[in-house]
Amino acid sequence: MIDTVIIPLLQIVVVINALALSASLMTLFERKVIAWTQSRLGPMRVGPYGVLQAIADPIKLLLKEDITPRKADKWMFTLAPIIALVPAMVVFAVVPFGSEKLFGSVDLFIADINVGLLFIISVTSIGVYGIILAGWASNSKYPLLASLRAAAQLISYEIAVTMTLVSVTLTAGTLSMVGIIEAQQDAGLWFVFVQPVAFVLVFIGGLAEINRVPFDLPEAEQELTGGFHTEYSGMRWALFFLAEYANTFMVAAIMTVLFLGGWLRPFPSVDALAFLDLIPSWVWFMSKMFVFLYMFTWIRATFPRYRYDQLMRLGWKVLIPIAIANVVVTAVAKVLL
Amino acid sequence: MAETIAFYTLSILILGLAVLVVTARNTVHSVLFLVMNFLCVAVIYVVLGAEFLAVIQILVYAGGIVVLYLFVVMLVNLTRAPEVHQDPRRISMPMALALAGAMLLELAGIVVYSYVLEPSAPASAAAVLPTEIQGNVEQIGWLLYTDYLIPFEVASILLLVAMVGAIVLAKREL
């Protein structure tokens with residue numbers, strides 16, 4: 001009873017709360033990093049150096065008026081943010097945050113299923129309904145345009161990313177997230193050195209999947225006045241952003257597990273570096289995730305947005321062919337070696 | 001026991017959602033009911049211990065194909081209420097009845113075959129797998145590339161043909 005119900009429930013509560021908190025901290029981090037990139041100060045008013053802005057923003061959003069447009073489809077309008085958020089959080093069930101065991105028996109992950117990676121891909125693919133329905137239910141032209149863009153973009157890049165993940169799965173020989181990390185331990189090498197092409201492809205495709213700059217066409221402010229969430233306000237609007245940040249963390253976590261060895265230290269096979277194991281495994285995991293989050297923010301601060309036809313050309317004519325070629329090369333190498 | 005309860009609950013949900021799919025007045029709503037229907041089917045796969053199939057069900061049907069349905073529905077039916085379907089030749093009713101009858105016959109046939117004629121027929125193909133093939137994904141992969149190689153390849157050729165056909169239809173000047 002305790003092992004099968006109570007402990008998983010506690011783990012779920014911890015992960016969901018950590019996600020919500022990290023999302024609000026991430027907004028502050030992004031604003032600060034972008035401000036520094038542009039020689040500004042960023043938020044400075046709330047708390048020392050503006051650090052309490054991360055708490056002020058959620059409170060502001062909770063207190064704001066929550067408007068439903070009169071011509072909107074009420075049910076869908078309410079459901080859409082929930083449909084966007086829930087899959088984004090559910091996928092964290094299979095992310096292995098560390099190899100230690102708390103209190104001798106509790107793992108630092110909720111579940112390790114043997115189709116973990118596929119589970120992540122398939123559940124995140126449900127999230128696109130949130131965006132499409134938000135645009136449709138708003139009954140307004142900009143959100144509808146944005147949601148059509150989003151649907152086309154997410155489906156196109158999903159193909160490229162999934163194709164690329166096939167080659168990583170071939171290298172690891174398993175779909176389990178823990179199994180992939182263990183395969184890197186056995187190989188004594190992070191997969192970024194084995195699959196550099198896949199790394200770049202997943203990075204680019206991941207940016208497109210989470211609608212971040214330079215692929216933020218579904219919410220291009222200058223052309224769509226905010227994109228698919230134009231008609232949303234208050235906490236419902238915030239749910240979309242929570243979902244988006246959860247997806248951002250997810251891409252960072254997938255990249256960490258697949259290419260940077262998850263909780264492993266650098267060069268796990270070199271014994272001379274064994275002192276690095278003194279650092280707990282979850283610290284390694286979190287710092288690798290943090291590197292990716294910083295890179296996403298860095299890109300956001302420095303890249304212009306793609307045009308829509310460029311986006312589609314990149315997805316279909318560049319990423320997908322390279323991904324397929326990568327799968328073939330990996331499969332041949334796997335058979336020959 | 002728990003499995004039985006789960007199965008019947010899910011079956012009721014699936015059938016209920018299927019009815020809602022065809023009765024919902026708004027097409028977007030009925031597409032959503034279809035998604036929920038597919039998700040419930042995925043849960044049935046999980047109950048049966050076929051995680052791989054469950055995940056593929058979500059990925060392909062709920063996450064892929066229905067998004068395209070939604071796309072089409074949103075594009076064709078934006079401002080007007082859906083028109084009542086007009087069928088000048090009035091063949092859809094007998095056609096539907098005939099199809100439903102055929103389906104019912106087939107189901108009855110399966111039940112009769114498996115419970116009355118051959119009650120002890122081998123149920124699972126997994127029994128012939130070598131013992132070192134463990135796990136859902138490996139088992140399905142093994143079966144697909146050994147016993148079911150030809151159907152598998154034929155199905156992929158079919159999909160390829162469909163894809164080429166779609167491209168030819170959509171892009172007239174190549």
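Me: What should I know before I start reading the model?

Reply: It's predicted, so local features need pLDDT of at least 70 and side-chain atom pairs count only at pLDDT 80 or more, while totals for chains, interfaces and linings use all residues; side-chain values use heavy atoms, with hydrogens and water left out. Residues are numbered from 1 along each chain as its sequence is written, and chains are lettered from A and ligands numbered from 1 in the order in which they are written.

Me: Which confidence values come with the complex and with chain B?

Reply: pLDDT is the predictor's confidence in each residue, from 0 to 100. Chain B has a mean of 82, and 82% of its residues reach 70 or more. For the complex, the predictor gives an ipTM of 0.83 and a pTM of 0.86.

Me: How many helices and strands does chain A have?

Reply: Both are DSSP runs numbered from the N terminus: helices are H or I with at least four residues, strands are E with at least two. Chain A has 13 helices and two strands.

Me: At what angle do H11(A) and H12(A) pack?

Reply: Under 35 degrees is roughly parallel, over 145 roughly antiparallel, 65 to 115 roughly perpendicular, and the rest oblique. Here H11 (residues 234-259) and H12 (residues 281-302) of chain A sit at about 120 degrees with axes 9 Å apart, so they're oblique to each other. Contact means heavy atoms within 4.5 Å. Among the residues making it are A:Tyr245 and A:Phe249 of H11(A), and A:Phe285 and A:Arg300 of H12(A).

Me: What classes of residue make that contact?

Reply: Ala, Val, Leu, Ile, Met, Phe, Trp, Tyr, Cys and Pro count as nonpolar, Asp, Glu, Lys and Arg as charged, and the others, Gly among them, as polar. This contact has 12 nonpolar, two polar and two charged residues.

Me: Which residues of H9(A) meet H12(A)?

Reply: H9 (residues 196-209) of chain A packs with H12(A) at about 60 degrees, axes 12 Å apart, so this pair is oblique. A:Phe199, A:Phe203 and A:Leu207 in H9(A) meet A:Phe292, A:Met295, A:Phe296 and A:Ile299 in H12(A). That's seven nonpolar, no polar and no charged.

Me: How are H3(B) and H5(B) placed?

Reply: H3 (residues 51-76) and H5 (residues 136-145) of chain B pack at about 85 degrees, axes 8 Å apart, which makes them roughly perpendicular. B:Glu51, B:Phe52 and B:Leu53 of H3(B) touch B:Asn136, B:Val137 and B:Ile140 of H5(B). By class, that's four nonpolar, one polar and one charged.

How values were computed: Axes fitted to C-alpha atoms, helices over the stretch in contact; angles between N-to-C directions.
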